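User: I would like to go through a structure with you. Could you take me through the fold and the core?

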Amino acid sequence: MARPKMSQEARARTRARIADAALALYREGGLEAVTMRAVAAKLGAGASWLYGHYANRTALLDSIWQEAIQSRFQTVIDEISSLDDPVERLRCALLGYARFALEEPEVFQEAFLQTLKIDRSEAQRSAPYLALLERLLDDAGQCGALRGELDTRHTAQMLWSAVHGSVSLPVNLSGMDLEPSKAIVFDVVDTMLRGLCMPRVHDRPS
């Protein structure tokens with residue numbers, strides 16, 4: 001008798017469990033530790049069961065990077081929710097992305113420094129960071145914290161590009177004598193926000 005078909009919700013939960021197991025193996029033993037057989041064994045199942053949820057190892061690896069991105073994104077959201085100042089909320093979002101790169105460099109490199117072969121609709125669903133920056137810029141503009149009207153989409157991409165560049169350049173050009181990302185990313189964020197935002201009382205020279 002054929003097994004009953006899983007609901008979409010149950011299938012999503014199962015895929016999340018698989019991604020968590022794969023990510024744990026990656027953190028324990030690196031990329032080579034993540035095999036279809038090893039992930040299935042960690043969950044007490046056979047490899048054939050795993051192929052029912054992921055077509056191959058490449059698809060499984062793509063999923064664990066997305067799982068890591070979602071987890072880090074939720075951490076940033078939680079941190080932002082505790083802040084009232086619109087500029088500090090922007091700063092928190094930008095530095096949250098940088099902390100991902102600094103605290104989980106291998107996962108960050110696989111997630112953001114590789115060419116992801118995903119279609120446009122999947123990219124929109126799995127990369128909410130740009131939309132978050134746009135929303136935070138809109139909030140800051142409505143509060144009068146920005147210097148004039150801005151194209152929020154353009155500005156959000158500019159901010160993301162600058163932070164991404166500051167953390168990825170020393171990785172991509174590791175043979176050059178560059179300062180480590182941690183030494184410059186805070187200055188990059190401060191410089192961008194000073195250019196975009198109205199001076200606040202505590203920022204003005206006495």
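User: What should I know about the conventions?

Analyst: This is a predicted model, in which local features need pLDDT of at least 70, side-chain atom pairs count only at pLDDT 80 or more, and totals for chains, interfaces and linings use all residues. Residues are numbered from 1 along each chain as its sequence is written, and side-chain values use heavy atoms, with hydrogens and water left out.

User: Where is confidence lowest, and where highest?

Analyst: The lowest mean, 44, belongs to helix α7 (residues 120-126), and the highest, 94, to α2. Here pLDDT is the predictor's confidence in each residue, from 0 to 100. The protein averages 83, and 87% of the residues score at least 70.

User: How many helices and strands are there?

Analyst: There are 10 helices and zero strands. These are DSSP runs, with helices being H or I of at least four residues and strands E of at least two, numbered from the N terminus.

User: What about the largest nonpolar core?

Analyst: That core has 55 residues, and Val 39, Leu 60 and Leu 94 have the most contacts inside it. The largest share, 10 residues, comes from α5. Such a core is a set of buried (under 20% relative accessible area, 1.4 Å probe, protein chains only) Ala, Val, Leu, Ile, Met, Phe, Trp, Tyr and Cys residues joined through side-chain atoms within 4.5 Å.

User: Which residues is Leu 60 in contact with?

Analyst: Beyond its neighbours within four places in sequence, the contacts (heavy atoms within 4.5 Å) of Leu 60 include Ile 18, Ala 22, Val 34 and Tyr 54.

Technical notes
Buried means under 20% relative accessible area, exposed over 50%, partly exposed in between (1.4 Å probe, protein chains only).
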